[in-house]
Amino acid sequence: MAEIFYDDDADLTIIQGKKVAVLGFGSQGHAHALNLRDSGVEVKIALRDGSPTKTRAEELGFEVLSNAEATKWSDVLVVLAPDQYQADIYKNDIEPNLKEGQTLLFAHGFNVRFGYIQAPKGVDVVMIAPKGPGHTVRREYEAGRGVPVLVAVENDESGHAFETALSYGKGIGGTRAGAIKTTFTEETESDLFGEQAVLCGGLSRLIQDGFEVLTEAGYQPEIAYFEVCHEMKLIVDLINEGGLAKQRWSISDTAEYGDYVSGPRVIDPHVKENMKAVLADIQSGAFAERFIADQKAGAPEFKRLRAEGEAHPIEKTGKELRKLFSWSENAIDADYVEGHVGRHE
């Protein structure tokens, strides 16, 4: 059974007694910084020169430092830059300015797990990984609730690394919902697998293929969109509320019966074997090497695949259909652009 820690298990005064620098002010960065500040923690923001989010951070009342200055100033340095940039930032700005007794905190274990970042002796390396996007982390905190977090320790040089990490988790509201103890390896490998095989890669491909099957059979694209994409949220919401059992209880008997007899025809044993191959590539570091090599080359494969995905016919159909709903298309586009651009800061 997993070890889960809550508010009563965490001492908020630990993180309140430390100077915390949050490196990055994107989705997670802004949420962590605001929640920590509201929890009585001294927080400054670390950004690269010319960062487009500097003005936003300053408007919210934060002092903005360079990455190097923030490393020198802080007791706890929270590294929330995108995975592909962290190793260079660490080598150029963080490592030369680290001092004994500091804590490096990550929200994802990618660079540590695959060896792109190796902290020196004398520095605690910990992780608090919220299981939700930054805007949800902030919204739930403001509502007096929290988003569950994963907590892990890679280096415990001080002998108190776990207590510091748990205190940080409380500072952002995570222990209100629960902090699950894990390791950098478990978090990284399971997270990448979930994204690639099910949540992002698997789901995206399933939706696109379903759309193609219906439209190629002569059904209207609008009808296909509703049946394989739009209603997905309704199903996932039911699963989040009560698992697969509630989802199946809530749908019609016809749909439930089709779930049982047709699901295994689509997701057959070959799919599970393919999933195992995906996991093997993650565990071996092959995926990480491919991703980082592509990024260092200017991301040609990444950009090509993104462009191909955005050009899929379902995107045009969906954009037109979403205009029919009560929410504003402008609001949708604004959220998309903010996430598309801001997440890279």
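Colleague: Why is C200 called partly exposed?

Modeller: In this predicted model, C200 has a relative accessible area of 41%. Buried means under 20% and exposed means over 50%, so C200, at 41%, lands in between and counts as partly exposed.

Colleague: And what makes C229 partly exposed?

Modeller: Its relative accessibility is 22%. Buried would need a value under 20%, so C229 counts as partly exposed.

Colleague: How do you know that C200 is in no disulfide?

Modeller: A disulfide needs two cysteine sulfur atoms within 2.5 Å. For C200, the nearest cysteine sulfur belongs to C229, and that one is 14 Å away.

Colleague: Okay, on to I267. Where is I267, and why is I267 called partly exposed?

Modeller: I267 sits in the loop between helix 14 (253–266) and helix 15 (269–284). The relative accessible area of I267 is 46%. Since exposed means over 50% and buried under 20%, I267 is partly exposed.

Colleague: Which residues form a nonpolar patch on the surface with I267?

Modeller: L206 and V266 do, and the three together have about 270 Å² of accessible area. Patch members need over 30% relative accessible area, and I267 passes that cut-off with 46%.

Colleague: What makes strand 8 and strand 9 a pair?

Modeller: Pairing takes at least two bridges. Strand 8 is joined to strand 9 (residues 179–181) by three bridges, so they count as paired, and they run parallel. There, V149 stands opposite A179.

Technical notes: Residues numbered from 1 in each chain as written. Predicted model: local features only at pLDDT ≥ 70, side-chain atom pairs only at ≥ 80, totals over all residues. Heavy atoms only, no water. Patch = residues over 30% accessible without salt bridge, like charges linked within 9 Å, V, L, I, M, F, W, Y side chains within 5 Å. Areas by Shrake-Rupley, 256 points an atom, 1.4 Å probe, with all protein chains shown as cover. Salt bridge = Lys/Arg side-chain N within 4 Å of Asp/Glu carboxyl O. Helix = DSSP H or I, 4+ residues; strand = E, 2+ residues; numbered from the N terminus. Buried < 20%, exposed > 50% of the residue type's maximum accessible area, 1.4 Å probe, protein only.
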